[in-house]
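Dear colleague,

I am passing on the structure below, together with some notes on what turned up when I went through it. Please read them alongside the coordinates.

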Amino acid sequence: WWMLSGGFQCTGSEEISTVNREEIRSVAETIVKASINSVAISGVFSPYNPSQEILAGQLLRRELARLGHPDGKVRVTLSHAVAGLGLLERENACVLNATLRPLAEKTVE
């Protein structure tokens, strides 16, 4: 797993730090090399302000497409869309969702 720059203070209006595009590019390269096909993104206080999670997801998808991910499709789960405010609970729910998505997609087919 990776810990990247970003996140908001508890009000959701003040950034702890900005999203670092170079960090995302570096992680994308590792994801491609390792043929990882499910990713969970969880930002500090993202339920109050999901903009950084959304941006990180967009940047990651774009970079993976540019690098030509061998699987062709990487599932990206954003924690603010999965669970509530508690960071640990939201991270865990996001990771479980990302892990189970391939099985759920296969089951539905």
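A residue is called buried here when its relative accessible area is under 20%; the model is a predicted one, and on that scale Glu-63, with a relative accessible area of 8%, is buried. Glu-63 forms a salt bridge with Arg-25, their closest N and O atoms lying 3.9 Å apart, and this pair links distant parts of the chain, since Glu-63 belongs to helix α2 (residues 51–67) and Arg-25 to helix α1, 38 residues apart. Arg-25, which is partly exposed at 34% relative accessibility, also meets the side chain of Glu-22 in a salt bridge of 2.4 Å, N to O. Those two are three residues apart in helix α1 (residues 21–34), and therefore separated by about one helical turn. Together with Arg-66, the residues Glu-22, Arg-25 and Glu-63 are linked in a network of salt bridges, and the count for the structure comes to six.

Another of these bridges joins Glu-105 to Lys-73, at 3.8 Å between the closest N and O atoms; Glu-105 sits in helix α3 and Lys-73 in the loop between α2 and β2, 32 residues apart.

Helix α3 has 22 residues and spans 30 Å from its first C-alpha to its last, close to the expected 32 Å, although a kink of about 40° lies at Leu-100, shortly before Pro-102. Leu-100 also forms a nonpolar surface patch with Leu-96 and Leu-103, with about 300 Å² of accessible area together, whereas Arg-90, Cys-94 and Ala-98 are the buried residues of α3.

Finally, a search of the whole structure found zero disulfides.

Best wishes

Technical notes. Residues are numbered from 1 along each chain as its sequence is written. This is a predicted model: local features need pLDDT of at least 70, side-chain atom pairs count only at pLDDT 80 or more; totals for chains, interfaces and linings use all residues. Side-chain values use heavy atoms; hydrogens and water are left out. Patches are made of residues with over 30% relative accessible area and no salt bridge: like charges are joined within 9 Å, nonpolar side chains (Val, Leu, Ile, Met, Phe, Trp, Tyr) within 5 Å. Accessible areas come from the Shrake-Rupley method with a 1.4 Å probe; for residues, only the protein chains shown count as cover. A salt bridge is a side-chain nitrogen of Lys or Arg within 4 Å of a carboxyl oxygen of Asp or Glu. A disulfide is a pair of cysteine sulfur atoms within 2.5 Å. Helices (H or I, at least four residues) and strands (E, at least two) are DSSP runs, numbered from the N terminus. The expected span of a helix is 1.5 Å times one less than its number of residues. The bend at a residue is the angle between axes fitted to the seven residues ending there and the seven starting there. Buried means under 20% relative accessible area, exposed over 50%, partly exposed in between (1.4 Å probe, protein chains only).
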